[in-house]
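Please have the sequence and the coordinates open while reading.

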Amino acid sequence: MSGNGIFITFEGIDGSGKSTQARALADNIKSTGQEVVLTREPGGSPGAEAIRCLLVEGDTDRWSPETEILLFTAARRDHLERTIEPALAAGKVVISDRFADSTRVYQGVARAELRQTVDLLHDRMIGREPDLTFVIDMDPEAALSRGLARNSGEDRFEEFGLSFQQKLRSGFLDLAKQFPERCHVINGSHGVEEVSKAVLSIFETFRK
Ligand code: TMP
């Protein structure tokens, strides 16, 4: 179903710098003449972007963790059908700023212990893993002040506070151990250029 494209994801806690790194990798690959689709979750298709507003805005208690799983999975299914699969089938590189690993960690570990429910829905509705995943690791205190300072109006998950971000960090590090063939943990506390060099070097090794 996926053609010959490459599916790459960036994951990490809020404010880890993964969006900057996703953009830098996309620019680097584009400069070699390869077609790249840079996308994000929740979002990445018109329907999923509409669902995004429901999830990232408003009070922390707006949704239960269970309802969040359903909404993130609905958004992901639409994103997959309308953006990711068609691009991969056309042989493009797809770079997504977050994907299913975020649900495994945010809803499966940090919001509640619901990993089994997350996995069940994923198997049934998504059934697709990235070829390569970069987990940008970052000190939660530094990342949180960076994230909240943005004042984006999309900080529902940042509002859960520092201990939530600490749970997320260890959740992502554990997850990388569960999927060692595709997950690469990158130290995000270095400068932007140093981090993008590390990312690019792993991508180049992968592509060989
Ligand atoms: P972003 O800030 O990286 O665009 O992501 C929006 C927020 O949604 C972020 O705080 C992480 C959260 N999130 C989940 O809780 N579960 C998910 O499955 C995804 C994709 C994002």
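Which helix gives the largest share of the shell around the ligand? That share, four residues, comes from α4, where helices (H or I, at least four residues) and strands (E, at least two) are DSSP runs numbered from the N terminus.

## Basis of the model

This is a predicted model, in which local features need pLDDT of at least 70 and side-chain atom pairs count only at pLDDT 80 or more, while totals for chains, interfaces and linings use all residues. Residues are numbered from 1 along each chain as its sequence is written, and side-chain values use heavy atoms, with hydrogens and water left out.

## The ligand shell

The ligand is surrounded by 14 residues, the closest being D14, R52, R98, T103 and Q107; a residue belongs here if one of its heavy atoms lies within 4 Å of the molecule. At least two shell residues come from each of α2, α3 and α4. By class, the shell holds five nonpolar, three polar and six charged residues, where Ala, Val, Leu, Ile, Met, Phe, Trp, Tyr, Cys and Pro count as nonpolar, Asp, Glu, Lys and Arg as charged, and the others, Gly among them, as polar.

Polar side-chain atoms lie 3.0 Å from a ligand oxygen atom in K18, 3.2 Å in R76 and 2.5 Å in T103, a polar contact being a pair of N or O atoms within 3.5 Å. Taken alone, the ligand exposes 480 Å², of which the protein buries 92% (Shrake-Rupley method, 1.4 Å probe).

## The largest pocket

The largest pocket has a volume of about 790 Å³, a volume being the space filled by probe spheres set on grid points that are joined across faces, edges and corners. A pocket is an open set of points on a 1 Å grid over the protein atoms alone, where a 1.4 Å probe fits, with protein on both sides within 12 Å along at least five of seven lines, and its lining residues have an atom within 4 Å of a point. Of the 42 lining residues, K18, S19, D97, R98 and R150 are the closest to the centre.

The lining divides into 12 nonpolar, 15 polar and 15 charged residues, and α1 gives the most to it, with six. The ligand sits in this pocket, meaning that more than half of its atoms lie within 2 Å of the grid points.

## Backbone features

The peptide bond from E41 to P42 is cis, with omega near -10 degrees, and P42 is found in the loop between β2 and α2. R98, in the loop between β3 (93-97) and α4, has phi near 80 degrees, a positive value in a residue other than glycine.

Notes. A polar contact is a pair of N or O atoms within 3.5 Å; within protein, one must be able to donate a hydrogen and the other to accept it, and residues adjacent in sequence count only if both atoms are side-chain atoms.
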